[in-house]
Amino acid sequence: MAARDSLLLLSEYSPGTNAPPMHPRCRSTISAVVESGKRAARVGGKNIKVPANVNYEEYKRFYIKGEIKTADFQQLTKLRVG
């Protein structure tokens, strides 16, 4: 499992070992898990919760550009659960 796919408890957080910065000039980041299966995002200056399995391109197409219909977006995110 890649580091980007793993969940880490705050009590296990250790910079340089299992969390950024991992090396000099490291640009890695972390994001909080708000609820099981959700993560925080910002849209139009507001904080929202989005499915954790949505990549940036899907997020942008649904939340920013409105190119994906709600039913299609929900089906897309359900396909990846499990």
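Glutamate 67 counts as partly exposed because its relative accessibility is 47%. Partly exposed lies between buried, under 20% relative accessible area, and exposed, over 50% (1.4 Å probe, protein chains only). The side chain of glutamate 67 meets that of arginine 61 in a salt bridge, 3.2 Å from N to O. A salt bridge is defined as a side-chain nitrogen of Lys or Arg within 4 Å of a carboxyl oxygen of Asp or Glu. Arginine 61 is partly exposed, because its relative accessible area is 34%. A search of the whole structure finds one salt bridge.

The model is predicted; local features need pLDDT of at least 70, side-chain atom pairs count only at pLDDT 80 or more, and totals for chains, interfaces and linings use all residues. Residues are numbered from 1 along each chain as its sequence is written, and side-chain values use heavy atoms, with hydrogens and water left out. The pLDDT is the predictor's confidence in each residue, from 0 to 100. The chain averages 79, and 85% of the residues score at least 70.

Two helices and two strands make up the secondary structure of the chain. Both kinds of element are DSSP runs, numbered from the N terminus (helices H or I, at least four residues; strands E, at least two). Along the sequence the pattern is β-β-α-α.

Strand E2 (residues 46–51) runs antiparallel to E1, and six bridges join them. Two strands pair if DSSP finds at least two bridges between them. Valine 43 stands opposite lysine 46 in E2. The hairpin of E1 and E2 has two residues between the strands, and glycine 44 takes a positive phi near 55° there.

The segment before strand E1 (38–43) holds tyrosine 13. Tyrosine 13 counts as partly exposed because its relative accessibility is 32%. Together with Leu8, Leu10 and Ile30, Tyr13 forms a nonpolar patch on the surface, with about 420 Å² of accessible area in total. Patches are made of residues with over 30% relative accessible area and no salt bridge; like charges are joined within 9 Å, nonpolar side chains (Val, Leu, Ile, Met, Phe, Trp, Tyr) within 5 Å.

The accessible surface of the chain comes to about 6,900 Å², and 53% of it belongs to carbon and sulfur atoms. Such areas come from the Shrake-Rupley method with a 1.4 Å probe; for residues, only the protein chains shown count as cover. Of the 82 residues in the chain, 16% are buried.
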